[in-house]
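Trainee: Could we go through this structure together, a few features at a time?
Mentor: Gladly; have a look at it first.

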Amino acid sequence: MRIILATLNAKYIHTSLAIRLLKAYSEHEFGDIQLAEYTIKDPVMNIVSDLFQKRPDVIGFSCYIWNIEETIKVIGILKKVMPEVSIVLGGPEVSYEPLYWMKREPGIDFIVNGDGEETFHHLLQELRDDRKFHFVYGAAYRKGEELIVNPPRPKTDLNTLPTPHRFAEDLPDLGKRIVYFETSRGCPFNCQFCLSSIEVGVRYYDIERVKSDLLYLIDNGAKIIKFLDRTFNINRNYAMEMFQFLIDNHRGCVFQFEITADIMRPEVLDFLSKNAPPGIFRFEIGVQSTNDETNELVKRRQNFTKLSRTVMKIKESGNIDQHLDLIAGLPQEDYATFRKTFNDVFAMEPEELQLGFLKMLRGTGLRAQAAKYEYTYMEHAPYEILSSHVMPFSDIVRLKRLEDVLEKYWNSHRLDHSVKYLIRHVFDSPFDFFQEFGDYWEERGWQKIGHQLEDLFIRLESFLKDRGTQSMDVITGLMKLDYFLGHKYKPRKVWWEFTLDKTDWSRYLKELAADPGRISAKLAEAKLTERELQKYTVLEILPFPLEAVLQSISGLRADQPPVPVLETLPSADAEAPGAALDAELTSGTATATLEPPFSGSGSTLLVVMYQQDESQQAYYYALPMV
């Protein structure tokens, strides 16, 4: 019996843990099991043709909200060209309403509910042998015209499951794709919008087995491992041991976790602050809402004060990136209260803030209460809400515009300095900046056309000028800095006209070539000629003291009062004329004072250098002009 385990991933770089778990559990008895991973962007006929050529007897599909609609299309065609093949579905999208899916798509022969390993294996045995499907606990099946859902199967002892991480065919791509990994199943919380709340309790894999699998993946070139545990830090001792193990053995691999921030113990935070190497850990934190009434209605226990303290402590350490999530459309969360939620969370300025919209997932408590809150939502996946008792569709549309520019201008990190200045000094709140810009973006019809990097800068400048924004010389200067830093190589074009003419540019470059030590000891050691400097360097005059402006947008925000605006800032400190600054070449700024012929009161010569080391980062120096 030839068996294909298939799924449609959201992107090529993703991998499916589910189908690997199924293969690992059943391959000792069913030797002919193949994995087939596609993406939701692949043409349906290409997927059908590929599966057809494999000549399977059984095809199992792993189903989620992001792939169910495309999967249903594939099944509909498959059954027409291969009517004899047995189609089995599993995964969270089909586990909670199997009858709905079997009625909707006649090509579905079986659905596996809940933990799939034992149930799918038993189903394969019955398909091969006696076909007594009523014995297969946890499965739904067809008996003539009748649809039957068997009683559920007891939860699996995770330590009886063989490892899904040691297939030889996965090794060549380990370093090119995200590896998904679980150390536990289940969630201790009862959030009514989340499927994880349905399973009570948390089950763990043996920690030594987990360590062994992780070492195998790291040794074989894995670059990103994403843990699927719903609350990785719920067991403090387990989490601490795992953090220590990964710190000791990471070898450059990056690890992503979902954590609950308001239960993070101080000793764990202190440990991570002191010991986590920069860049190897990434935390995803679901805030969702800061509205107490909303959190109570969805049974979400959360102490936002403790959560903020945790996020800011991690941020202060500077070695762990944080991804915070919000959900628009929860009960009693109207446009005004969501604005407060957004601003509460953005005050922490996380590396990434994802604005999602409530999805009425099958099986969740909130979907069962949809009428109570007058929810209207999409009939098919992803079941996103269209309106609620306090949030009309018009508000949803506006927040969609905000989400669009949030992704482009904050989460992309293309304009970090510019956006920080705008939200701290120009707009009443971060929400107001992203909303106003999002509305402007829509009015111009830009959502209908693509954009290149320079378009993001041109459009932001257009928006700011049209609204009569003050201090445009400062904002434009920061945008120039961000534009330069967004390139790995010296850019061939810019979106503005350089303020330097060729004569001044050559003169300044000669000065730098003659005395590179005034910028960096490392640059002096490199002994670059004027010609080499010309190849790797861009120069621009900024008509303000850059260091003072950067100081005004630096530091942690959540527990601090607003920084005074530029007009009240002191001038940047300058060293004695001609003094050299002994600084390593690191991203950030280095300050020195240039002797004549550099001149210009309160201005800055911006020096940006490319291709100076293997990181391919651009490095900049702000040189006050006297």
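**Aromatic pairs, core and sheet**

Mentor: The count of aromatic pairs comes to 42, where rings of Phe, Tyr and Trp (its six-membered ring) pair if their centres lie within 6.5 Å, with planes under 30 degrees apart called stacked, over 60 edge-to-face and the rest tilted. This is a predicted model, where local features need pLDDT of at least 70, side-chain atom pairs count only at pLDDT 80 or more, and totals for chains, interfaces and linings use all residues. Residues are numbered from 1 along each chain as its sequence is written, and side-chain values use heavy atoms, leaving out hydrogens and water.

Trainee: Which kind of pair do Phe 110 and Phe 133 form?

Mentor: Start with the geometry: the ring centres of Phe 110 and Phe 133 are 4.8 Å apart. Their planes stand at 65°, so the pair is edge-to-face.

Trainee: How many residues apart in sequence are the parts that this pair ties together?

Mentor: Phe 110 lies in strand E5 (residues 110-112), while Phe 133 is in the loop between helix H6 (117-128) and strand E6 (139-143). Helices (H or I, at least four residues) and strands (E, at least two) are DSSP runs, numbered from the N terminus. The pair therefore ties together parts whose separation in sequence is 23 residues.

Trainee: Is Phe 133 buried or exposed?

Mentor: Buried means under 20% relative accessible area, exposed over 50% and partly exposed in between (1.4 Å probe, protein chains only). Phe 133 has 9% relative accessibility, so Phe 133 counts as buried.

Trainee: How many residues does the largest nonpolar core have?

Mentor: A nonpolar core is a set of buried Ala, Val, Leu, Ile, Met, Phe, Trp, Tyr and Cys residues joined through side-chain atoms within 4.5 Å. In the largest one, Phe 61, Ile 225, Phe 281 and Phe 283 have the most contacts inside it. Its size is 155 residues.

Trainee: How many residues are in the second, separate core?

Mentor: Its members include Leu 35, Val 88, Val 112 and Leu 127. This separate core has 20 residues.

Trainee: What is the pairing in the open sheet of three strands?

Mentor: The order is E18-E19-E20, and two strands pair if DSSP finds at least two bridges between them. The edge strands, E18 (537-542) and E20 (619-624), each pair on one side only. The pairing is antiparallel.

Trainee: Which residue in E19 is the bridge partner of Glu 540?

Mentor: Six bridges join E18 to strand E19 (residues 604-609). In E19, the partner of Glu 540 is Leu 606.
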